[in-house]
Amino acid sequence: MSLLKTSSRKALAPLLGAAFTLLPLTSLTAAAQETIVLTSESGPRATILIDREAPELTREAAEKLALYISRISGAKIAIAHETSEVQTPSIIWVGAHRELAERHANADLALTQPEESLILTEGNDIILLGSDKLGSNGKQSEAGTYLAVTTFIEEQLGVRWLWPGELGTDIPSKPEIAIAPTSSRYTPQLHLRRINMTNFMRAYQRKSGAEKRKGLSKRSQEEIQQHVSDPVAWLKEKDRQTREWLNHHRIEAPPTGSTPNAVAGSLASYQNQHAFRDWYDRYGAAHPEWFALQPDGTRDPYPTRRDVKMCVSNPEVAEQWVQNAKQYFLANPDATTFAAGENDYGWQGYCVCKDCLAMDNKKAEPLEQDIRWAGSSKRSYALTDRYAKFWNRIAKRLKEELPDREVNVSTYAYHVTRPAPTVRLEPNIVPAFVGMERRFYHVNSQANTLDQRRIWKGWWEAVGQRNAIIWRPNLMARSIAMPYTFTKRHAENMRFMADHGMLGATFNSSHSYWAVEGPQLYLMAKMLWNPRLDADALLRDYYQRAFGPAAPHMASYFQVYEDLFTRLTEEYGKYGYSVMADPPRLFRESRPASEKPTAGLGKEGIRRHHRIEDQAAAHLAKAKEAASGADPVYARRVEFMKVGFDFIQAHLDCIEAMNDFTDDPSDKNRELAEAAAERRLAILRENADNFALNYLEMLLLTEKHPDYLGPPNKAPRNRKKKEKALIQDLEA
């Protein structure tokens, strides 16, 4: 079955018609059945049954289920392979088993949709079943049973995975576990569910040769080695717990360790990147005519060899892409997509040859920025139709070459191609929309959001109103560990896109500052599994389970930052800002709501203050007081969030000090900046072992942007050139 077919109404009916529950399951209670007791004070009353040849993630799911039943009740539940081994009144069937249909002949166990999962009570038994498929390499390509089990643990057993690690795992305690009759069947709409979080081991290590990549400098590695007793074990454990949290939420895990990525969805093989980055090195000498003609008459790579644009009207470019794609698909039997998105630096270097210009819709909407070439720039209409015609050409040819395979063309809708095409796209094209919302306040105004939705709907029309669009925002990029919280806006956008053709989503890039952005990350994960959840109810449950009697105060604490973010999106929507230098102005120069902005941030003469931090601190103090007489875990979690607050203050202090040092590089300002950087680093060191902050990622960030984030290691450089590069990077 094609991944790009619209989900059937039958498959979506349970989701669309159900009353809200914390997980996306429709419960159809079988009144004739009785409650099934899994454990009692006398011990286990059920056995987990799994096939001996079950795939890896199904086996892992069975072990996980046994673990959580034990942690909830204290009873050690057995895992068996044959009914003859079972000594308990009830069986929990995990995954397909040859005896299952015989024992429950009247049960509807059919699974017809990708990743479909079933939770069903039959007599004294519970059935946890899902669509489990193996790829040609023997690894799972779908893990429906794992999805059913993790959903059961969360919904029926009441476990919450609030953030990675033991402190973030909330497990109820009761000797008796009783499950009410239920029949729940769910097929996720989003076949790609990805949050790109820090891969700690990869980020730590530098590689050379063919695998060359930038990791931590030797100096920063030595910093970690001085304060972490076993860095390799520490890194591996960080990766393991991150992977486990993502998998618990039915999201793709980082590619570390042995666990396959099948929980990412039936689009786990999806790949999309800037497709022509190596083309100039491979083909430039022999075929310079394949590359974009520049206004000066040359076809030299611009802005770089890596980011050169193509002459997409040249039929040889299309044919070479098709042959490359064919080679890839033949070498990768389970692959379903091959990338055709244009290279990055999306406002620069596009072809001006007469044949490419003839492919354009010259009545298309104007672009938000000029297109730039070496030494010139020009206001232009959108180039989407040009590229849509190119994509259609290669999509048709690809199907001609591989008629018996599901082969899709993945593309980007961004920059000059973000406005929707007027050309209908071939059914095997999967566009990835880069837009809708960003982490930065000034592109998240309500007016901008509505305009982005208009553009998204245009793409939905172009794909024939099917579920065929991937949302690929730069949602978490360049957040520099600040509390940009936008849960309400995010939930509204997710529901809108789900109603208008979203096939999957991949969020780029979160850096795991859980004490700073925990509720935002939790909501994002949940809405990947079901984009129509009630976000308010979900967050109420999050705060209650995490903080108990301190819940309302912790909710108010994060609301301070969400209210600020929401207000700034409207007040400063027309002003640009420095990603690195302006965060203190975001949080420490905001005016009372009754005052209107008269200029950009930092240009209005508003005195520095800590009004926002004072409000947040007051809510934290009330939360600490409320948690003091309750279960100690609530006080520990409040303290966990306070670590984030302490870091926010220290981080803002450091950026302010670096701004002052840039303005006046005196010895005094250098000393103040160095002291501020050391205070921030001390908080990171003290919390290296938990997930409140990200020690490694902050070291990487400060290495990359020392002129902004400190500490100062020399006289400040002129920031103007760097600011321009940062803005271009932000736009990308």
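Predicted model: local features only at pLDDT ≥ 70, side-chain atom pairs only at ≥ 80, totals over all residues.
Me: Two strands pair if DSSP finds at least two bridges between them. So in what sense do β6 and β7 pair, and over how many bridges?

Reply: Antiparallel, over six bridges, with β6 covering residues 117–122 and β7 covering residues 125–130. Within that pair, Thr121 stands opposite Ile126 in β7. Residues are numbered from 1 along each chain as its sequence is written, and side-chain values use heavy atoms, leaving out hydrogens and water.

Me: Got it. What sheet do those two sit in?

Reply: An open one of six strands, ordered β4-β3-β5-β7-β6-β13, with mixed pairing. Strands here are DSSP E runs of at least two residues, helices are H or I runs of at least four, and both are numbered from the N terminus.

Me: Which strands are at the edges?

Reply: β4 (79–80) and β13 (183–186). Each has a single partner strand, so one side of each is left without a neighbour in the sheet.

Me: Which strands does α2 lie across?

Reply: Helix α2 (residues 56–73) lies across β3 (46–49), β4, β5 (90–94) and β7. Against β5 it runs at about 140 degrees; axes are lines fitted to C-alpha atoms, for helices over the stretch in contact, and angles go from 0 to 180 degrees between N-to-C directions.

Me: Zooming out, how many helices and strands in the protein?

Reply: 23 helices and 21 strands. Of the 732 residues, 59% are buried, meaning under 20% relative accessible area, with exposed being over 50% and partly exposed in between (1.4 Å probe, protein chains only).

Me: And what share of the contacts joins residues at least 24 apart?

Reply: 74%, among contacts between residues at least 6 apart in sequence. A contact means heavy atoms within 4.5 Å.

Me: Switching to charges: how many salt bridges does the structure hold?

Reply: 41, where a salt bridge is a side-chain nitrogen of Lys or Arg within 4 Å of a carboxyl oxygen of Asp or Glu. One of them joins Arg160 and Asp541, with the closest N and O atoms 2.7 Å apart. Arg160 is in strand β10 (residues 160–161) and Asp541 in helix α15 (residues 535–547), so the pair ties together parts that are 381 residues apart in sequence.

Me: Are Arg160 and Asp541 buried or exposed?

Reply: Both are buried.

Me: What about Glu237, what does it bridge to?

Reply: Glu237 bridges to Arg240, closest N and O atoms 2.7 Å apart. Both lie in helix α7 (residues 231–248), three residues apart, about one turn of the helix. Glu237 is partly exposed at 33% relative accessibility, and Arg240 is partly exposed at 32%.

Me: And which residue partners Glu401?

Reply: Arg397, with the closest N and O atoms 2.9 Å apart. They are four residues apart in helix α11 (residues 384–401), about one helical turn. Relative accessible area is 23% for Glu401 and 22% for Arg397. Elsewhere, salt bridges that share partners join Arg588, Arg608, Glu613, Asp653, Glu656 and Asp660 into one network.

Me: Last one: where is Arg277, and what does it touch?

Reply: Arg277 is in the loop between α7 and α8 (279–283). Leaving aside residues up to four places away in sequence, Arg277 touches Arg305, Arg306, Asn343 and Asp344. At 28% relative accessibility, Arg277 counts as partly exposed.
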